[in-house]
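Colleague: I am new to this structure and would like to learn how to read its features. Could we go through them in turn?

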Amino acid sequence: MKNGVVLAAVLVVLTVLLLKVEPGWAISCGQVDSALAHCLEFLTGGPGPSPVCCDGVRNLKAMTPTTGDRRAACECMKEAAGRYASLKPDKASQLPQACGVQIGVPITKDVDCST
């Protein structure tokens, strides 16, 4: 269940990332889930994200260089967020900053991934 919460948060982060480049859609939901799996504890209300979690957030950003990649990741994160009721929206929105990753847009499960 913790992996699901992490995935939901990652999907939210990726949603934000996807809104800035050209369509590519090269990243898969499995890659997004794997990148954020170690963030589950934080996303469900635990203490600050672990170094491994933040490495995953940075890796996810690196895997989403194009707008299409970010949109795909965004959709994956939204899907994951919808599956995990224990996900804390405030924690999801705090994840990039807590890991020192600049995204530039708010992270929410209601974000429009197409913009």
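Colleague: Which residues of helix α2 (residues 29-36) are buried?

Modeller: Two terms come first. Helices (H or I, at least four residues) and strands (E, at least two) are DSSP runs, numbered from the N terminus. Buried means under 20% relative accessible area, exposed over 50%, and partly exposed in between, with a 1.4 Å probe and protein chains only. In helix α2 the buried residues are Val32, Asp33, Ala35 and Leu36. Viewed down the axis of α2, these buried residues fall within an arc of 165°, so they line one face of the helix. The arc is that of the directions from the helix axis to the C-beta atoms.

Colleague: What kind of model is this, and how are residues numbered?

Modeller: This is a predicted model, in which local features need pLDDT of at least 70 and side-chain atom pairs count only at pLDDT 80 or more, while totals for chains, interfaces and linings use all residues. Residues are numbered from 1 along each chain as its sequence is written, and side-chain values use heavy atoms, with hydrogens and water left out.

Colleague: How many helices and strands does the protein have?

Modeller: There are six helices and zero strands, so the order from the N terminus reads α-α-α-α-α-α. Of the 115 residues in the protein, 49% are buried.

Colleague: At what angle do α2 and α4 pack?

Modeller: Axes are lines fitted to C-alpha atoms, for helices over the stretch in contact, and angles run from 0 to 180 degrees between N-to-C directions. Angles under 35 degrees count as roughly parallel, over 145 as roughly antiparallel, 65 to 115 as roughly perpendicular and the rest as oblique. The axes of α2 and α4 are 7 Å apart, at an angle of about 150°. The pair α2 and α4 is therefore roughly antiparallel. Contact means heavy atoms within 4.5 Å. Here Val32, Ala35 and Leu36 of α2 meet Cys53, Gly56, Val57 and Leu60 of α4.

Colleague: How do the axes of α2 and α5 cross?

Modeller: They come within 9 Å and cross at roughly 65°, and α2 and α5 are therefore roughly perpendicular to each other. From α2, the residues making this contact are Cys29, Val32, Asp33 and Leu36; from α5, they are Ala73, Cys76, Met77 and Arg83.

Colleague: Where is aspartate 69, and is it buried or exposed?

Modeller: Aspartate 69 is in helix α5 and is buried, with a relative accessible area of 5%. The C-alpha atoms of aspartate 69 and alanine 26 are separated by 5.8 Å, although these residues are 43 apart along the chain. For the protein, among contacts between residues at least 6 apart in sequence, 89% join residues at least 24 apart.

Colleague: How many salt bridges does the structure hold?

Modeller: Side chains of opposite charge can pair when their charged atoms come close. A salt bridge is a side-chain nitrogen of Lys or Arg within 4 Å of a carboxyl oxygen of Asp or Glu. The structure holds two. In one, arginine 58 meets aspartate 55 at 2.9 Å, N to O. Both lie in helix α4 (residues 51-62), three residues apart, about one turn of the helix. Arginine 58 is partly exposed at 39% relative accessible area, and aspartate 55 is partly exposed at 38%.

Colleague: Which residue forms a salt bridge with glutamate 79?

Modeller: Arginine 83 does, with the closest N and O atoms 3.1 Å apart. Glutamate 79 and arginine 83 are four residues apart in helix α5 (residues 67-83), which means about one helical turn separates them. Glutamate 79 is partly exposed at 47% relative accessibility, as is arginine 83, with a relative accessible area of 43%.
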